Amino acid sequence: DRMVFRQTRPLHDRPYDVVYLGGRWAYKGRTIDAYLVPVLKSGEVSYKLHGWGDWQPGLCSGGLAEDQASGFLNQGRVGPCVSEEHTHTWGIDIPERAFKVAACGAMVVHDATTSIRRMIPSALIASNPQQFRDYIVHYSRPQNEAERVELVVKQQQEVLSAHTYHHRMAVLLSGMGFKHESDKMLEG
């Protein structure tokens, strides 16, 4: 939703290397624990995590009100994205996190979910947990800020030009024969 998830903070003024918002339950924990948790525990990045479920003690700062999500995502340089195992295997059920992260101006670093590339071609997709960690650490460093900002702008443009709820509604309306209404969805 481009009206809710949008950049409100400059790309060079982000207090955290990493921001993550999401739940952790047993079935999600298998990929979260393999990809995300080692990065957060490494001490190589500053981070803030808000979420629900079974987070390990000390990692999570608790839940976050829905109306605070966009502001929170605007606080990070990198917004790691982790999918469930079935998404890795079959390329379905892609979490919306990558779209929200990109819209807010944090860099999308995704786990081994190659199907995200169809929608966000410039997303960094790690083939394994070590590459995931390497990407996050590299792009959170101040000396790599120009490179990060260039990729963030690309990711943001790719999402905002074709992958918002407005775009989905426009396709639906057009398919139902409401061409004028479809066109209006994409104005402004």
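**Sheet and cores**

Start with strand E3, residues 76–81: four bridges join E3 to E4, and the two run parallel. This is a predicted model, in which local features need pLDDT of at least 70 and side-chain atom pairs count only at pLDDT 80 or more, while totals for chains, interfaces and linings use all residues. Residues are numbered from 1 along each chain as its sequence is written, and side-chain values use heavy atoms, with hydrogens and water left out.

Strands here are DSSP runs of E, at least two residues; helices are runs of H or I, at least four, and both are numbered from the N terminus. Strands pair if DSSP finds at least two bridges between them.

Val78 stands opposite Met107 in E4. Now the whole sheet. It is open, with five strands in the order E2-E1-E3-E4-E5, and the pairing is parallel. E2 (47–50) and E5 (124–125) stand at the edges with a single partner strand each, so one side of each has no neighbour in the sheet.

Next, the core. A nonpolar core means buried Ala, Val, Leu, Ile, Met, Phe, Trp, Tyr and Cys residues joined through side-chain atoms within 4.5 Å. Buried is under 20% relative accessible area, with a 1.4 Å probe and protein chains only. The largest core has 26 residues; Leu36, Met107, Phe132 and Ile136 touch the most other members. E1 (16–21), H1 (26–41), E4 (107–110), H5 (129–140) and H6 (145–162) each supply at least two residues. H1 gives the most, six. Apart from this core lies another, of 22 residues, including Val19 and Cys81.

Definitions and conventions
Buried means under 20% relative accessible area, exposed over 50%, partly exposed in between (1.4 Å probe, protein chains only).
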